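This report concerns the pairing of charged side chains. Please consult the sequence and the structure shown below while reading.

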Amino acid sequence: MKGMSEREYAAHSGLSRGGVQKARKNGRLVVYEDGSINAAASDLRRAEMTDPDQQRRSLGGDGLTSGAGETASYLKARTLLTVYAAQDKQIAVQKKKGTLVDRARAETLVFRLARQERDVWVTWPGRVAALMAAQIMAEVERQSGASVTIETAILQRVLETHVRDQLDALADLRISLG
C-alpha cells in the first residue's frame with residue numbers, strides 16, 4: 001500500500017470518513033492504483049476544487065467570510081440577494097392589491113386636494129355673503145320688527161378675513177407620509 005486508507009486520510013485532513021468517501025466519489029482525491037489515497041496530491045486537488053467556505057465549515061468555521069480581506073462570502077451574498085428578491089416580490093404584490101402606493105404620487109395628490117380645498121374656501125365668502133346678509137336682515141326684522149340693512153360687501157370682507165386667518169392656521173400643518 002503506497003498511500004493512506006480512508007480512515008487515515010480522514011484523520012489527516014480533518015474530514016469525516018463520509019466526507020473522504022464523498023471527495024473520492026467526486027474526483028477530489030488522488031488515488032493510487034491499489035486504492036490508497038495520495039495525501040499530498042489529494043490535499044492540493046481538494047484545495048483547488050473545493051469552495052473555501054465549504055472547507056471552513058467542515059473544519060468548524062462559520063463560512064460567512066472568505067479570503068484575507070474578510071469580504072462577504074458567496075453564501076452571504078446569495079442570501080442577501082434572495083431576501084432582496086423576496087422583498088421586491090412582496091412590494092409588487094402590495095402594489096397590485098392597492099395597499100402600497102407611490103410616495104411621490106401620494107404627496108402630489110394630497111397637495112392637489114389641499115389646494116382645491118383652499119380655493120373653495122377662498123371663494124366661499126363671495127358666494128354666501130349676500131345670502132347670509134339677507135338671512136340676518138330677515139331674522140332681525142322677524143325678532144325685533146325693525147328693518148335693518150346689512151351691507152353685503154362689508155359682510156363679505158369680514159368673512160374673507162376670518163377665512164384667510166383659518167387658512168393661514170391650516171397652512172402650518174404638515175403631512176408626513178413616513
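Is Arg142 buried or exposed? With a relative accessible area of 61%, Arg142 is exposed, a value computed from a predicted model.

## Overview

Side chains of opposite charge can pair when their charged atoms come close. In this predicted model, the structure holds 6 salt bridges.

## A pair in helix α6

Arg142 forms a salt bridge with Glu139, and their closest N and O atoms are 2.7 Å apart. Both residues belong to helix α6 (residues 103-144), where they stand 3 residues apart, about one turn of the helix. Glu139 is partly exposed, its relative accessible area being 34%.

## A pair in helix α3

Asp43 and Arg46 also form a salt bridge, with 4.0 Å between the closest N and O atoms. About one helical turn separates the two, because they are 3 residues apart in helix α3 (residues 39-49). Arg46 has a relative accessible area of 11% and is therefore buried, whereas Asp43, at 28% relative accessibility, counts as partly exposed.

## A link between helices α1 and α2

A salt bridge joins Arg24 to Glu6, the closest N and O atoms lying 3.3 Å apart. This pair links distant parts of the chain: Glu6 is in helix α1 (residues 6-13) and Arg24 in helix α2 (residues 17-25), 18 residues apart.

Glu6 is buried, with a relative accessible area of 17%, while Arg24 counts as partly exposed at 29% relative accessibility. Together with Arg17, Glu6 and Arg24 are linked in a network of salt bridges.

Notes. Residues numbered from 1 in each chain as written. Predicted model: local features only at pLDDT ≥ 70, side-chain atom pairs only at ≥ 80, totals over all residues. Heavy atoms only, no water. Salt bridge = Lys/Arg side-chain N within 4 Å of Asp/Glu carboxyl O. Helix = DSSP H or I, 4+ residues; strand = E, 2+ residues; numbered from the N terminus. Buried < 20%, exposed > 50% of the residue type's maximum accessible area, 1.4 Å probe, protein only.
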